[in-house]
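Morning, everyone. Let me put the model up, and then we'll walk through it.

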Amino acid sequence: MSDVAIRTDGLGKLYRIGRRRRHDDTLRGAIAEGVQRAAHAVGAFARGRSLGCATAKSFWALRDVSFAVAPGEVVGIIGANGAGKTTLLKILTRITEPTLGEAVVHGRVGSLLEVGTGFHPDLLGRENVYLNGAILGMTRRDIARKFDEIVAFAEVEEFLDTPVKHYSTGMYLRLAFAVAAHLEPEVLIVDEVLAVGDARFQKRCLGKMDSVAREGRAILFVSHNLDAVQRLCTRCLQIDKGTVVRDGAVGAVVEGYRSRSDDRSGPARWIDLSAAERHGSAGAQFARVRFSSGSHALGGYPYPFGPLEFELQIASEADRTVQSLAVVIRSQGGTKLVNTDTASQGIPLHLSEGVNLVTIRIAALNLNPGVYTVGLWLAGSIAAATLIDHVESAFDMEVVSDGSLGFGATPRWGGAVATRFEVIQGRTEPAGSQVVGGLSDS
Amino acid sequence: MGYPVVHIRPTRGFASLGIRELWQSRELLYFLVWRDVKVRYAQTALGISWAVIQPFLTMVVFSLFFGRLARMPSDGVPYPIFSFAALVPWTFFANGVVQSANSLVLNQNLIKKVYFPRLAIPTTAVVSGVVDLVVAFAMLFGMMLFYGIAPSANIAWLPPLLVLALVSSLGTGLWLSALNVLYRDVRVVTPFLVQLWLLATPIGYPSSLLREPWRTLNGINPMAGVVEGVRWAMLGTPTAPGPAILVSATTALALLIGGALYFRRMERTFADRV
């Protein structure tokens with residue numbers, strides 16, 4: 001095996017964006033424009049002038065990215081949304097071409113950019129294994145050889161002859177991951193698959209990735225879950241605005257990323273919401289928001305059972321009274337976990353013209369370490385018709401572990417909701433009783 | 001065990017056809033075709049019969065209007081079988097063109113998430129029509145039995161003629177599918193184009209109706225050669241493929257190679273634009 005699995009050299013990707021004219025992407029428009037341009041060219045030629053050509057706006061999604069990955073190395077890639085992580089992966093998996101530079105990949109690339117790509121809902125589980133395997137680049141022989149292993153890993157034995165449209169999300173995901181994980185590529189690229197699936201499944205995915213790495217295959221792991229990155233990777237690249245800004249041991253890079261000053265969603269900093277996607281009748285708007293657990297040691301990051309304070313700046317155009325103001329915390333999967341609606345306490349809120357400050361204080365946050373999405377809600381009453389301003393996804397917030405496990409470590413057990421419990425042993429009932437074990441929550 | 005070393009770098013101008021890569025992913029092609037066929041036949045209430053109903057109903061309509069009302073000559077065979085023998089390869093061709101033209105847009109999920117030779121997608125769309133073609137041919141044999149027409153030894157020429165239909169369909173489909181990614185109104189233009197093409201092909205009428213410059217000129221239309229050839233091979237009409245079939249074959253090949261080159265050239269932007 002070569003001593004390099006992936007090498008990139010000055011990789012760059014330019015995207016054209018901005019206002020394309022309305023008829024730009026129709027054949028009719030293209031023909032009309034062609035005629036127009038020809039006429040224009042003739043006119044310009046007649047007047048002895050050269051042609052000016054308006055260039056579309058463009059931006060570099062990726063710029064001068066160079067790094068090398070050795071076989072067996074597990075490299076995390078982190079960075080804010082839109083930093084260029086996905087573009088990098090798309091180039092490495094040959095979905096899109098770079099504009100500049102070169103990447104050399106030694107061996108087959110297996111990508112988990114989105115598990116279940118190519119699954120057809122009407123085909124049986126068995127058929128989808130073959131179809132998906134073929135799409136990912138496996139031969140029929142490979143798939144047949146691995147079939148039992150794939151099915152066992154996915155735990156869908158009884159449902160092999162059921163169309164996958166009848167599968168639960170969990171089964172679907174397990175089967176999809178199982179196919180991709182058994183591809184045995186020399187380079188495995190994983191993008192955020194672990195955001196879904198239950199804790200046990202996530203654990204098995206991580207375990208599978210571990211064993212893949214031990215077999216001497218390189219893994220690129222892109223995630224927003226810094227804890228997962230820290231647990232899994234040895235090295236980490238941080239990408240910002242299309243360039244690699246940090247490259248080194250995972251601990252240093254992740255901690256540097258956590259404490260970065262330009263973090264728009266870090267704690268104890270005002271997050272500007274003026275450009276956020278929102279719904280509502282306006283009249284009043286969330287302008288800025290700031291959150292903090294108040295813990296100096298954790299840099300203000302929220303932690304399980306710790307306090308958490310949200311300060312909301314609300315710009316109102318007039319004096320008004322509102323019944324419903326809420327901070328909503330959702331899982332990355334979109335499940336509403338926390339909703340601090342003032343309506344539930346029946347306390348009306350008075351907003352005066354200008355900027356108002358409202359603080360919502362959670363005494364103990366019952367969330368385990370992970371990344372959550374925070375939304376904001378403001379309405380005249382709890383009826384949706386009186387909605388004034390709703391920012392469904394204001395920012396992502398990371399809950400960190402409080403240090404008893406070591407900074408940034410996520411326990412291998414999962415579950416979004418933090419709960420305190422104890423274990424009582426030695427309460428075995430006499431034989432014949434229904435209670436067998438002695439494990440209880442309290 | 002050797003493993004491939006892939007160099008990823010920007011490409012410019014015309015790319016190679018990538019035939020070898022396509023050949024290497026023939027199993028993928030097989031699975032995609034199999035998916036298309038299975039889903040199509042599992043989903044439709046009428047199942048396999050659609051493949052037959054489409055050319056059959058067209059034949060009925062043609063027989064009524066062209067055969068009965070316009071008393072169109074039909075090269076010495078009953079008009080219904082005259083038109084049906086032409087509609088069978090035509091339907092294969094036309095469905096292939098329409099399906100492949102939309103194939104990239106329909107499979108955009110795949111294109112945006114996984115790499116594989118993109119040529120596999122429009123190719124699948126055309127090739128999966130072969131199953132329908134076989135069913136329709138069974139129907140044609142049934143009609144020949146009904147009219148008491150026995151095929152002659154000419155039937156040996158059927159396979160190359162059908163390959164010509166496939167090449168024409170794929171060639172046209174490659175052009176349209178790539179254009180469809182760039183220009184969204186291609187989807188609207190395609191059925192119209194196919195309709196005009198139907199009228200320009202001697203399906204409802206014999207090419208013996210055409211006067212001379214037009215008759216030879218019609219050979220440029222590859223489907224004219226296919227349709228007349230299939231009639232000759234199956235029904236023994238006096239339309240044996242002459243030099244005109246070479247013109248048809250050349251056009252079809254030019255369509256295919258040109259289409260593949262254009263497709264490969266545009267391919268690198270598919271994931272960003274689709």
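Which residue is the bridge partner of A:Val105 in β1(B)? It is B:Val6. Before I go on, a word on the model. It is predicted, so local features need pLDDT of at least 70 and side-chain atom pairs count only at pLDDT 80 or more, while totals for chains, interfaces and linings use all residues. Residues are numbered from 1 along each chain as its sequence is written, and chains are lettered from A and ligands numbered from 1 in the order in which they are written.

Back to that pair. β4(A) and strand β1 of chain B, residues 5-8, pair in the antiparallel sense, over four bridges. Two strands pair if DSSP finds at least two bridges between them.

Now the whole contact between the chains. Chain A puts in 39 residues and chain B puts in 34 residues. Contact means that C-beta atoms, placed from the backbone, lie within 7 Å. On the chain A side, α1 (27-46), α2 (85-92), β4 (100-106) and α3 (125-136) each supply at least two residues. β4(A) gives the most to that side, with six residues. By class, the side of chain A that touches chain B has 16 nonpolar, 12 polar and 11 charged residues. For the classes, Ala, Val, Leu, Ile, Met, Phe, Trp, Tyr, Cys and Pro count as nonpolar, Asp, Glu, Lys and Arg as charged, and the others, Gly among them, as polar.

Next, chain A as a whole. It has eight helices and 19 strands. Of its 442 residues, 38% count as buried. Buried means 20 or more other C-beta atoms within 10 Å of the residue's own; exposed means 12 or fewer; partly exposed is in between; and C-beta atoms are placed from the backbone. Among chain A contacts between residues at least 6 apart in sequence, 72% join residues at least 24 apart.

Take β12(A), residues 308-316. Its covered face holds A:Leu308, A:Phe310, A:Leu312, A:Ile314 and A:Ser316. Its uncovered face holds A:Glu309, A:Glu311, A:Gln313 and A:Ala315. In a regular strand the side chains alternate between the two faces of the sheet. Eight bridges join β12(A) to β11(A), residues 284-292, and the two run antiparallel. There, A:Phe291 stands opposite A:Phe310. Nine bridges join β12(A) to β17(A), residues 354-362, also antiparallel. A:Ala315 has A:Val355 as its bridge partner in β17(A).

Then β18(A), residues 370-379. This strand is mostly covered, with eight of its 10 residues buried. It runs antiparallel to β14(A), residues 324-330, over seven bridges, and A:Val327 stands opposite A:Leu376. β18(A) also pairs with β19(A), residues 387-399, in the antiparallel sense over nine bridges. A:Thr373 and A:Asp396 stand opposite each other in that pairing.

Over to chain B. How many of the 28 residues of α4(B) are buried? The count is 24, so the helix is largely enclosed by the rest of the structure. α4(B) covers residues 79-106 and should span 40 Å at 1.5 Å a residue; its end C-alpha atoms are 38 Å apart, which agrees. The expected span is 1.5 Å times one less than the number of residues. α4(B) bends by about 30° at B:Leu87, and B:Pro89 follows within four residues. That bend is the angle between axes fitted to the seven residues ending there and the seven starting there.

Now the cores. The largest nonpolar core has 145 residues, and A:Ile219, A:Phe221, A:Val229 and B:Ala85 touch the most other members. α4(B) gives the most to this core, with 16 residues. A nonpolar core is a set of buried Ala, Val, Leu, Ile, Met, Phe, Trp, Tyr and Cys residues joined through C-beta atoms within 7 Å. A second, separate core of 33 residues includes A:Tyr303, A:Leu308, A:Val391 and A:Ala394.

Why does A:Gly118 count as buried? Because it has 24 C-beta neighbours inside 10 Å. Beyond four places in sequence, A:Gly118 is in contact with A:Leu131, A:Asn132, A:Ile135, B:Leu110 and B:Val114.

That's my tour. Over to you.

Terms used: Contact = placed C-beta atoms within 7 Å.
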